[in-house]
Amino acid sequence: MSADCSPFATAAGGPFAGRVDPLWRLHSSQGIGMPATVYVLNGPNLNLLGFREPTIYGNDTLDDIAGMLEDRARELGLEVDMRQSNHEGHLVDWLHEAHFAGAKAVILNAAAFTHTSIAILDAIKSIKVPVIEVHISDPLMREPFRHISYVEMGAVATVKGMGARGYVVALEKAAEL
């Protein structure tokens, strides 16, 4: 991967600054004496929340979820670093980054990659940061092809079927780790 397309770029600066503007991202920096950071990684099509199949996913947008998480994180003394990508490799790279950045935990909604990505499972198993899987709907109540979760095979916990609130529940679980 060339330096010009690094998924590690940051809006605030740092060793990867200026390489590429990150994809959808809300970033809270962590430093010495700063709260622990929880990465919140979102997979394909989650950028369309709010108007994508609202009978399944509800009306909350990813920005709405980010706001809920920021509020609860502040109460818990945590910082969140929330990102979304439609590309599997970005999720893998961000899992690695969470490890090397010393993140407290990762909350991962891998979306459709949940059911297909051995690469994401391998990345989860390769890092020491605990991963909490989250899904807005309950995949077990949906089509049979959604019943397998490669993410769950490496995650320390799974939150599903709670709508957007599931992200907050996952954050609360991360705070307990």
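User: At roughly what angle do the axes of helix H3 and helix H4 cross?

Analyst: In this predicted model, helix H3 covers residues 88-101 and helix H4 covers residues 118-126. Their axes come within 9 Å of each other. The crossing angle is roughly 5°.

User: How are H3 and H4 oriented to each other?

Analyst: Angles under 35 degrees count as roughly parallel. The axes of H3 and H4 cross at roughly 5°. The two helices, H3 and H4, are therefore roughly parallel.

User: What separates Glu75 and Arg72 along helix H2?

Analyst: The side chains of Glu75 and Arg72 form a salt bridge, at 2.9 Å from N to O. Both residues belong to helix H2, residues 62-76. Because they are 3 residues apart there, Glu75 and Arg72 are separated by about one helical turn.

User: Which residues lie nearest the centre of the second largest pocket?

Analyst: The second largest pocket holds about 160 Å³ of space. Its lining of 14 residues divides into 6 nonpolar, 5 polar and 3 charged. Nearest the centre of this pocket lie Tyr57, Ala111, Ala112, Arg142 and Arg146.

Methods
Residues numbered from 1 in each chain as written. Predicted model: local features only at pLDDT ≥ 70, side-chain atom pairs only at ≥ 80, totals over all residues. Heavy atoms only, no water. 1 Å grid on protein atoms, 1.4 Å probe; cavity = no way out; pocket = protein on both sides within 12 Å on 5 of 7 lines; lining within 4 Å. Points joined across faces, edges and corners; volume = space filled by probe spheres on them. Nonpolar A, V, L, I, M, F, W, Y, C, P; charged D, E, K, R; others polar. Axes fitted to C-alpha atoms, helices over the stretch in contact; angles between N-to-C directions. Helix = DSSP H or I, 4+ residues; strand = E, 2+ residues; numbered from the N terminus. Parallel < 35°, antiparallel > 145°, perpendicular 65-115°, else oblique. Salt bridge = Lys/Arg side-chain N within 4 Å of Asp/Glu carboxyl O.
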